[in-house]
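Here are some notes to read beside the coordinates.

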Amino acid sequence: IPLATVAPDEINILDSSIENPKKGAVYFTHKKHAVDYKIACTECHHVYKEGKNVFKQGDPVQKCSACHDPVKSEGNVKKLMLAFHKNCQGCHKELEAASKPTGPTKKCNDCHKKK
């Protein structure tokens, strides 16, 4: 069974480990990204061992905060907010630079719901 068919279609991204978040949750359409846009699971989900992403479809998905601290970056592991922004915005900006259709890249409220 493809993971995208057992994962929720829609996800609100706002980790409970972030105290007093400045912005609201990010509404994310998992099904649209995984099924419609055919983005591989490993584009977002990762488990690094010896510098290599060993995550495979069907592996358990941990909360991002299991590795990404909500307060500080450590070495190559970015703090939680930076990890989300690098992953999501980075992908959208790459598509934008290639003149391909993409989601928001600049305005916070285009992704974040109002609190």
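Predicted model: local features only at pLDDT ≥ 70, side-chain atom pairs only at ≥ 80, totals over all residues.

1. The kink in α3 is centred on G90 and comes to about 25°.

2. The length of α3 agrees with expectation. The helix covers residues 80-97, which is 18 residues, and at 1.5 Å a residue it should span 26 Å. Its end C-alpha atoms lie 25 Å apart, so the span agrees with that figure.

3. Three residues of α3 are buried: L80, A83 and H92. The packing partner of the buried residues of this helix is α2, residues 30-36. After α3 comes S99, which has a positive phi, near 55°.

4. On the cysteines, a search of the whole structure returns 0 disulfides. For C67 the reason is distance: the closest cysteine sulfur belongs to C64 and is 8.9 Å away, too far for a bond, because a disulfide needs the two sulfur atoms within 2.5 Å. C108 is likewise in no disulfide, as the nearest cysteine sulfur, in C111, is 8.5 Å away.

5. The secondary structure of the protein chain consists of 4 helices and 4 strands. In sequence order the pattern is α-β-β-α-β-β-α-α.

6. What radius of gyration does the protein chain have, and what would a compact globule have? The chain has 14 Å, while a compact globule of 115 residues would have a value near 13 Å, so the two agree. The C-alpha trace spans about 35 × 35 × 30 Å along its principal axes.

7. Of the 115 residues in the protein chain, 16% count as buried; L80, A83 and H92 of α3 are buried. The accessible surface of the chain is about 8,900 Å², and carbon and sulfur atoms account for 55% of that area.

8. A last point concerns contacts along the sequence. Taking contacts in the protein chain between residues at least 6 apart in sequence, 37% join residues at least 24 apart.

Note on methods: Residues numbered from 1 in each chain as written. Heavy atoms only, no water. Helix = DSSP H or I, 4+ residues; strand = E, 2+ residues; numbered from the N terminus. Expected span 1.5 Å × (residues − 1). Bend = angle between axes of the 7 residues up to and from the residue. Buried < 20%, exposed > 50% of the residue type's maximum accessible area, 1.4 Å probe, protein only. Contact = heavy atoms within 4.5 Å. Rg over C-alpha atoms; globule rule 2.2 N^0.38 Å. Areas by Shrake-Rupley, 256 points an atom, 1.4 Å probe, with all protein chains shown as cover.
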